[in-house]
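Subject: Structure for you to look at

Hello,

Here is the structure I said I would pass on. My notes on what was found follow below it.

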Amino acid sequence: MRWLRYLNQWRGTAKEAFDQVSIVAKFLCLLHVTDRYIISSTHVQGPSMLPTLNLTGDVILAEHVSHRFGKIGLGDVALVRSPTDPMKMVTKRVLGLEGHRLSFYADPLVGDDSVNVVVPKGHVWIQGDNVHASTDSRNFGPVPYNIIEGKALLRVWPPRCFGSLR
Amino acid sequence: MGIQNLLWQVTKKAFTGGIIGVTISDRCCSVVPVRGDSMSPTFNPQRNSYLDDYVLVEKFCLQDYKFARGDVVVFSSPTHFRDRYIKRIVGLPGEWISSSRDVIRVPEGHCWVEGDNKASSLDSRTFGPIPLGLIRGRVTSVVWPPQRNCMLALFMVCAFYIIKWVSIQLHVPQDSLWKL
């Protein structure tokens with residue numbers, strides 16, 4: 001059993017290598033837990049939340065604690081996994097909770113007809129601040145509350161716009 | 001002073017273990033119990049609740065959200081805030097599903113889920129197609145009770161004997177094997 005004797009000889013080196021790798025692995029796990037459950041930074045871009053968020057891209061800090069306790073409220077900017085493409089995250093404002101009655105213009109450029117809708121149980125109504133260039137609940141309907149993944153806290157980049165999102 | 005040090009050591013080890021466990025259960029796989037009989041006879045073929053099936057849920061499918069018809073998935077409830085359900089995907093985005101009265105098209109980014117036990121299952125026939133973003137993992141196999149999974153029982157027995165044999169060859173004292 002020669003390979004078993006080699007195994008014995010390399011035991012010291014193997015232990016040291018294992019210790020180093022385990023330090024790196026523990027750090028990565030801590031990073032994952034912080035990013036998924038406490039706070040994370042996201043790069044957001046696009047015209048759908050003008051004038052709150054810039055067109056060319058901002059970095060915002062989002063916290064992932066409130067949505068687990070059901071504390072997302074009206075007017076919060078939420079990070080939501082898109083119901084039309086689960087690989088994308090979108091940032092929109094929550095404008096209606098379950099049971100609320102809302103009315104919106106079906107197409108703000110054409111005509112004045114408004115549609116009335118009641119948000120069903122367990123769902124929220126999300127809408128971008130820029131009603132002319134945003135695909136949101138006016139297109140895909142109210143989304144389940146559980147699809148919300150975080151709440152935007154404050155903007156950290158660009159530095160001249162540092163601060164809260166109101 | 002000794003007891004304070006001991007408490008600190010235990011807390012550190014528990015915290016590290018907890019963080020590693022959470023990461024593995026979020027990114028790799030986790031074991032969840034199946035409650036209720038909406039997936040009979042696939043899971044919980046008998047009705048007594050102390051013999052609930054435990055299944056292995058893999059999370060690698062959440063990297064690209066590519067599912068196939070027939071996959072059993074765990075997803076968060078679209079109507080109840082804290083609940084999770086286990087059902088089978090029977091409709092992918094873009095497909096047409098015939099429900100009791102009419103034919104429905106599953107929108108992009110959504111899927112149609114149904115339980116195997118159609119008589120007692122709360123699924124898409126009630127709450128409609130669900131966004132793929134609600135899915136939390138895909139069920140690959142039953143891990144408990146072991147008589148429902150003979151490959152796993154065989155694997156566990158073989159692994160035990162292999163570890164025992166290797167440790168004897170490496171001259172590890174047999175009572176310290178349990179300290180791993």
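Annotated span and chain contact

Residues 117-157 of chain A have end C-alpha atoms 37 Å apart, and this span is 10% helix and 46% strand. Please keep in mind that this is a predicted model.

The size of an interface is often given as the accessible area lost when the parts come together. Here chain A and chain B bury about 2400 Å² between them, and 65% of that area is on carbon and sulfur atoms. On the chain A side, the residues that lose the most area to chain B are A:His32, A:Pro86 and A:Asn146, which together make up 22% of what that side buries.

As for residue counts, 29 residues from chain A and 29 residues from chain B take part in the contact.

What kinds of polar pairing turn up?

Two helices of chain A, α1 (2-9) and α2 (11-37), each supply at least two residues of the side that touches chain B. The most comes from α2(A), with eight residues. By type, the side of chain A that touches chain B has 15 nonpolar, eight polar and six charged residues.

Regards

Technical notes:
Residues are numbered from 1 along each chain as its sequence is written. Chains are lettered from A and ligands numbered from 1 in the order in which they are written. This is a predicted model: local features need pLDDT of at least 70, side-chain atom pairs count only at pLDDT 80 or more; totals for chains, interfaces and linings use all residues. Side-chain values use heavy atoms; hydrogens and water are left out. Helices (H or I, at least four residues) and strands (E, at least two) are DSSP runs, numbered from the N terminus. Contact means heavy atoms within 4.5 Å. Buried area is the accessible area (1.4 Å probe) that two parts lose on being put together, summed over both. Ala, Val, Leu, Ile, Met, Phe, Trp, Tyr, Cys and Pro count as nonpolar, Asp, Glu, Lys and Arg as charged, and the others, Gly among them, as polar.
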